[in-house]
Structures are given as structure tokens and as C-alpha cells.
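Hi,

Here's the structure I said I'd pass on.

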Amino acid sequence: MIKVEWLYWLIGLVFVVMAVQMATDRSNPKRWTSAAFWGLLGLTFPYGTGVATATAGKGGWTLPAEPLGAAVLALIVLAGFNFLGKGVPVTTTGEQREAAADRLGSKIFIPALTIPLVAILCAAVLDETGLFESGQATLLGLGLGCVVALAVGMLVTGEKKLSVPIHSGRSMLEAMGSALLLPQLLAVLGSIFAAAGVGDQVGDIMNKVLPDDSKYFAVVAYCVGMFLFTVIMGNAFAAFPVMTAAIGWPVLIQQMHGNEPAVLAIGMLAGFAGTLCTPMAANFNIVPATLLELKDQYGPIKAQLPTGVALLGCCTVIMAFFAF
């Protein structure tokens, strides 16, 4: 059986290999601290397995959680005090890239299409074979799809050295910086808010403000709340537990008998509309502006704002008329 931990270990190994590359890259003025950040992050993946095992009370490989917490604090210090730098990318010349583009044409999209195809195959077909850990076929299929896509990409381009795609990935990793971790951190923040009872407090406020038995006001409050909380927190997964605990579950589903999958799915989509409109969603908005070297770092947000607002309106109308 292929376990999900193996995928996490592979991800950690990639970070460690890239950290070694950074440490040897003299063009990076902050090569040692950059290597420390990504290397430390990579080591947390296998170490985290031992911590999770100990927390769950299972036998086998168990490790104390305190060193992992210290590692997280070290990552915060390295990122917060701007100790991450960028080296000169090891890449081809502009002429070589143009020649490769002419030679490959549309074949360049084959590796990208390989990832969803392998993921769908694993989730829809191989899930019943017992090959994958129970309930993890989709995630493992995504990881396997990335590995297969790497091999396919090297075949399509004729590249024979594995170090070349790793160097290219490292260049993108350095360009994105610590913003790469922002979605995961914000998702955890949502869980912390939910455990702290923020959703219950928001729900109490909404119960005092919303008119009694007003389905439409409640729908607007839930959808707009998902949108605004996502803008503030930068991640719909962070906003979801707060707004669902406040309005989605107690008011729209339990009190007004809304269809559970419809209410929750449309509410999450309203949150995704907010993702288009916030710099906090760095991976979607700020990082692309940096990678494309746009003059206005908020250019993607300005371009996406009308779509985000329109999508919010559609979500509100669809939920009001079709989720009950």
C-alpha cells in the first residue's frame, strides 16, 4: 500500500535537494540563510510524521513535537527578517528558448495535461485496488501525476539530466519566496479561529442583526461574509469554518433547512471569489505579478476584481433560489 506520508517525504526531499543547490550558489547573497529556510522546511515533512504518530497514540516511529515547533519559529524568523535571497537562474538563453518553442509547439502542454489525467485515473480507477492508502487516492494521484509529468516533460524536451528541472524549480521557488507557504498558514489560521470560537461570536452578532426567518438576508450575509473574510484572511479555507459555524450551518441548514451540499459548496465558491480580490492570496495575485515582472504588483487583482464581484453576485442568487 502506498501511504500519503511517502508523498510528503518526497516533497521534503525535493526541498532539501534545492536547499543544497542554494547553499552552493554563490550568486545568491543570502545563500546560507535561504538554504537553511528551505532545508529546515524539507526536514519538517518526515519529522512531522513521527510527531503525528505520537499525537495519535499509535505505535512505531514517534518523535516529540517541541523541535518541530522550534523549527516553525525559526522559519518565521528567517522569512520575517528577510533572510531569503535569489540567485542567478541556471537556464537557457532567449535564443535557445525560442528555438525550443518552435521545435516543440503544442507538445509543451503534454506534461501539464499529464498531471490531471494521472490524478483522475488514480481516484476513479485505482482507488478500489487497495494500492493506495484509504481515502488518499486523489492526493496520491496528484503526487504521482507530478512525478509522471516530470518524466514525460524530460522525454518531450529531450532533457537527460534531472538536475536541470530541479534547477528550474529552485529558481521559481526563490522567486516566490516564503509566500509559497501562505495558503497553508492561512488554512491553519482558519482552524485556530474556529477552535477559538470566532464563528460562534460572529453567529451571535448575526442573530441580533438579521431579521427573523429572512432567508434572503441570511444568504447575503453568508455569501458576502465568505467573500469579505477571504479578502481579510487571504484563503477561502480559512474563512469557511468561521462563516459556516456562524451562519451556514446553524441558520441556513438547520434553521431554514437548506440543502447541505448546495449551501456549503456555493458558500465556498463565494469565498473563492474573494480570493481573486486580495493581496493576501499571494500565490494567486502577488506572486504572478512578481514572476511576470509587472510594473503594478496589484495588476492581477485589478483585472480580476470585476469577475470576483460578479461571481459573488451569481453565488448569492444561485444559493437563494436553488439551495432550498
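Starting with helix H6 (residues 137–157): its 21 residues span 29 Å from first C-alpha to last, close to the 30 Å expected at 1.5 Å a residue (that is, 1.5 Å times one less than the number of residues). Helices here are DSSP runs of H or I, at least four residues, numbered from the N terminus.

Quick caveats: this is a predicted model, so local features need pLDDT of at least 70 and side-chain atom pairs pLDDT 80 or more, while totals for chains, interfaces and linings use all residues. Residues are numbered from 1 along each chain as its sequence is written, and side-chain values use heavy atoms, without hydrogens and water.

Back to H6: Ala137, Leu140, Gly141, Gly143, Gly145, Ala149, Gly153 and Met154 are buried (under 20% relative accessible area, 1.4 Å probe, protein chains only). Their cover includes helices H1 (4–23), H5 (110–124) and H7 (163–176), counting contact as heavy atoms within 4.5 Å.

H5 and H6 cross at roughly 150 degrees, their axes coming within 7 Å. Axes are lines fitted to C-alpha atoms over the stretch in contact, with angles from 0 to 180 degrees between N-to-C directions. The residues of that contact divide into 14 nonpolar, 5 polar and no charged (Ala, Val, Leu, Ile, Met, Phe, Trp, Tyr, Cys and Pro are nonpolar; Asp, Glu, Lys and Arg charged; the others, Gly among them, polar). Among the H5 residues meeting H6 are Ile110, Pro111 and Val118.

Cheers

Key. Helix = DSSP H or I, 4+ residues; strand = E, 2+ residues; numbered from the N terminus. Buried < 20%, exposed > 50% of the residue type's maximum accessible area, 1.4 Å probe, protein only.
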